[in-house]
Amino acid sequence: MKVHNVEMIMSAVRPEQYPEEGYPEFALAGRSNVGKSSFINKMIGRKSLARTSSKPGKTQTLNFYKIEEQLFFVDVPGYGYAKVSKSSREAWGKFIQQYMTEREHLRAVIQIVDLRHPPTADDCTMYDFLVHYQIPTIVIATKADKIPRGKWEKHKKIVRETLEMRSEDPLLIFSSEKGIGVEEAWKEIESRM
Ligand code: GTP
Ligand code: MG
């Protein structure tokens, strides 16, 4: 998809604040600092519409990005960020879980992992949650620019095996830095709209 028109709708902390257009939604999930907001920016061709940071914990609310009056990307706070208190982590979990399990417009969760390293225990928990609730999932392994191309397949295999991925779930390579995998990711998303 060639993106010309993007509107950041709102930062939602309660379901009453979710947008009402009814467009298909694609929500990001992943560890803090893994590159979720950067993924959105690369996909829509904006350098920094979704705020990114080298420090984890940048995204704190559900942020809806309306794309071409056709779909929403939903930026989601990352998990596994040690510095937040236990109570706010629990609140996080509840809020995100509620969105992901109850939102009828949600077409798929895009789970972002780091291609460089095996998925963490938190990554596995997230993926298991998506499987448990039968939420369609696209796994994107990002930061591919940090790995030589000849090693991508080996790292992909480790991601697939560590997450114990369902064979029907796609696993795509990506780099927000270099723009790798943008077309493939759009193809996957558009096939689910
Ligand atoms: P939270 O909002 O804290 O959950 O983080 P996030 O997952 O949204 O991460 P964000 O997009 O803010 O990126 C975190 C850091 O990783 C930033 O310093 C980005 O520049 C860097 N980064 C993201 N994607 C890539 C990539 O594909 N390659 C490289 N080399 N760096 C990346
Ligand atoms: Mg973010």
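Modeller: In this predicted model, a residue is called buried when its relative accessible area is under 20%.

Biologist: Is serine 37 buried or exposed?

Modeller: The place of serine 37 is in helix H1, and its side chain makes a polar contact of 2.5 Å with the side chain of aspartate 75. The relative accessibility of serine 37 is 7%, and because the cut-off is under 20%, this residue counts as buried.

Biologist: How many of the nine residues of H1 are buried?

Modeller: The buried residues of H1 include Lys36, Phe39, Ile40 and Asn41, and Phe39 is also among the residues with the most contacts inside the largest nonpolar core. Helix H1 is largely enclosed by the rest of the structure, because its buried residues number seven.

Biologist: Which residues do the salt bridges that share partners join into one network?

Modeller: Lysine 66, which counts as buried at 8% relative accessibility, meets glutamate 7 in a salt bridge of 3.8 Å, N to O. Lysine 66 also forms a salt bridge with glutamate 69, with the closest N and O atoms 3.7 Å apart, and glutamate 69 counts as partly exposed at 40% relative accessibility. Through shared partners, the network consists of Glu7, Glu21, Lys66 and Glu69.

Biologist: How many residues apart in sequence are the parts that aspartate 123 and arginine 31 tie together?

Modeller: Aspartate 123 forms a salt bridge with arginine 31, the closest N and O atoms being 3.9 Å apart. Since aspartate 123 lies in helix H3 and arginine 31 in the loop between S2 and H1, the pair ties together parts whose separation in sequence is 92 residues.

Technical notes
Residues numbered from 1 in each chain as written. Chains lettered and ligands numbered in written order. Predicted model: local features only at pLDDT ≥ 70, side-chain atom pairs only at ≥ 80, totals over all residues. Heavy atoms only, no water. Core = buried A, V, L, I, M, F, W, Y, C linked by side-chain atoms within 4.5 Å. Buried < 20%, exposed > 50% of the residue type's maximum accessible area, 1.4 Å probe, protein only. Helix = DSSP H or I, 4+ residues; strand = E, 2+ residues; numbered from the N terminus. Polar contact = N/O pair within 3.5 Å; in protein donor to acceptor, adjacent residues only side chain to side chain. Salt bridge = Lys/Arg side-chain N within 4 Å of Asp/Glu carboxyl O.
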